[in-house]
Amino acid sequence: MDSGNRYMTNKKELSERDICTKFITPALEDAGWDIQKQVREEVSFTDGRIYVKGNLTSRGKRKRADYILYYKANIPIAIIEAKDNKQSVRAGIQQGINYATILDIPTVFSSNGDAFHEHDRTCSSGQIEREIPLDAFPSPDELWQRYKKYKGIETDSAAQLASQDYFFDGSGRNPRYYQQIAINRTVEAIARGQQRILLTMATGTGKTYTAFQIIHRLWKAGAKKRILFLADRNALIDQTRRGDFRHFKDKMTVIKHKQIDKSYEIYLALYQGLTNYDEDKDAYREFSQDFFDLIVIDECHRGSAAEDSAWREILDYFGSATHIGLTATPKETETVSSTEYFGDPIYTYSLKQGIQDGFLAPYKVVRVGLNVDLEGWRPEMGKTDKSGQLVDDRVYNRKDYDKNLVIDERTQTVANRISEFLNKTNRFDKTIVFCVDIDHAQRMRTALANANSDLMAQNAKYVMQITGDNDEGKRELDNFINPEERYPVIATTSKLMTTGVDAQTCKLIVLDSNIGSMTEFKQIIGRGTRINEEYGKSFFTILDFRNVTDLFADPDFDGDPVRVKELGQDDEFDSIEDELQDDTTLTDEDGDEVTFDAPEAYDDPSEPHLIDGGDIIAEPREKYYVNGVDVSVLNERIQYMDGDGKLITGSLKDYTRQKVREHYQSLDDFLNKWNSADKKQAIIEELAEQGIVIENLKEAIGKEMDLFDMICHTAFDQPPLTRAERSKQVKKRNVFTQYGDQARKVLDALLDKYADEGIENIEDIKILKVNPFDHFGTPTEIVKLFGGKAGYIQALNELELALYTAA
């Protein structure tokens, strides 16, 4: 038999990687693919979801494609999923299709080394699936033609624009898969002639970097020669200029003080820096109406969606330009809609997807119910406030507190609960406390300072008020968001920090403000979603005193944006109260928010009161300030995220029962899986993939209970034993008589360790390095007591079997 036939005979013994090396890669080379530039192998395109275990985290599996084929860098046109030769040629096709759907790729191949099974969404061969021999793999040009067909790219000029190179700065930075999709779809849409484009990407997913790559590709291709990037806050413009846009160098300028210089190609501007609310003096009119080819509107939900907004004036004036809207929170109400102006988003990357992919931080929610919040508070007859004013006799509730009525004890109780939480976790975790207004933020700062007097004595910046009226606090904003700066630790604020603040290390967000807007709510939560593992930030907690997190249940937050209209029985569209719910926020030419509070908040609704940085600094209607009120925590509930990224609003025990029973049909199924598992850690990881985090379950059910008992008790109603009880019963039965004296002592120590820490810890052989095992010798010497490593593992398996057959 010659070597070739002998080699083919052994093909089924080859690993999946061998199949790739010996069959698939050579087939690609023969078809004309440049292996160095057009082919990537074992491509991980997600980071793996972060699972929270108490205050610890672990990452789930990354999504990984065996091959991704590119026409050019960052323009993927095909996927190949490889399998070993023991499986069929089409065994990987469904997995490949799933990845291709996520990555927006039209053609998928599966191969076991015998041939290729092809799935072509364009049906270019006349059928969607077919099998082709190894030597008939399509060339790069063939798959590029399919890609153009799939994308609706019909002309040579459109194809040239769609294939324009990305910008590379030599640092090795590449766009994440969702950024790549957003960039490619936008450039392709413009290549097809689309003039209004909307991208919806959750806070923390890199919208500015995405915008930079879009602009740079269009600019370099000559498709867009003069470009305006609009934002509404100085912080956003400064971050953009200093960040990715710095690569435009001397071609870029920032429009300041309405000074117009027409010699640049890339312009960054605050929209309020271009307008005077006076048609004769508007600075943007110094440009001709066709001056700009492209306008990119950052955070477009904040103004451009409203027909009467200043942004819309600018967009209408430059109506011949292409307009791209970027937002994390599209404005979708009955009266204002981003989609009505821009059309439906050409791509949406939601918070839920970002968390599932491991690019955004997961969260848990602690809802705190105070007695005066849940039951309301009614002043006794003749109750006066601290200034001697008679308090109106009615029932006050959450909507009143800190807006119409201030209860000193409530403020202190909230501050104490925040401090207790930080004491249990880390007192130096960066924390933002969102308050009703500046007055509330001032009082909350004082209450938190008193609750943390030891740390305030060490550094008076431990707690800082960061609001629009407070220059000292605003100067500390950069230090707060800088991961390398320890102080300030706790920031009390109202509106100023809702957007434009890249707080990478913020671990605790406290909600003690009545947030009625989904848009504002998403922006606030966005302060916590960024990950910075270098500084220990991989998840965050929301401490909710106002039941605001009910908004999490809205599909608008969990998935694709929807248009929502909610009206009460007597509500009308055209009432001014509807149009000015809570605050109507504009921004002055320096990027600081100017807000006109709802008319109902003032004695004279015809005179709006100025707000700086989004915070009230004018005197609103007088508040009642009272004390001597009994305030206490009535209940507290912790909510966790399930496997689909939604908060578990019911019992964690009920959720676990449901998920375990979906996975294991009966107690016998679970017992068989448990007893046959080489390592119980594998089952823990499997449950985590279903959204069941064991540390959370321990908190809810019993810390002293073994994982085995937690599952059997929770899902199958079996009476539980503690780890100590199981360990004690094994020792009583004296089941290790076949081993020598020292070996039995090691097994007894393993049982003690199990009773203290659980099964997952004793399965790791590294445990033999720690106390008390180090008294028996080195790990190598210990396993020799059992006749070697195989004997030690056998003894460990016998120990586990004894533990789980204990009556």
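So, where is the place of Asn-547? Asn-547 sits in the loop between strand S22 (540–544) and helix H20 (555–558); helices (H or I, at least four residues) and strands (E, at least two) are DSSP runs, numbered from the N terminus.

Quick housekeeping. This is a predicted model, where local features need pLDDT of at least 70, side-chain atom pairs count only at pLDDT 80 or more, and totals for chains, interfaces and linings use all residues. Residues are numbered from 1 along each chain as its sequence is written, and side-chain values use heavy atoms, with hydrogens and water left out.

Back to backbones. Asn-547 has a positive phi, near 60 degrees, though it isn't glycine. At 29% relative accessibility Asn-547 counts as partly exposed, that is, between buried (under 20% relative accessible area) and exposed (over 50%), with a 1.4 Å probe and protein chains only.

Asp-402 is another non-glycine residue with positive phi, near 75 degrees. You'll find Asp-402 in the loop between helix H13 (371–374) and strand S17 (405–407), and at 2% relative accessibility Asp-402 counts as buried.

Now the cis peptides. One runs from Tyr-487 to Pro-488, omega near -5 degrees, and Pro-488 is in the loop between helix H18 (477–481) and strand S20 (490–493). Another joins Asn-771 and Pro-772, with omega about 5 degrees; Pro-772 lies in the loop between helix H29 (759–762) and helix H30 (779–784).

Contact here means heavy atoms within 4.5 Å. Among the residues of H27 that meet H28 are Arg-723 and Lys-731, and the H28 side includes Asp-748 and Glu-757. The residues of that contact divide into five nonpolar, one polar and seven charged.

Terms used
Ala, Val, Leu, Ile, Met, Phe, Trp, Tyr, Cys and Pro count as nonpolar, Asp, Glu, Lys and Arg as charged, and the others, Gly among them, as polar.
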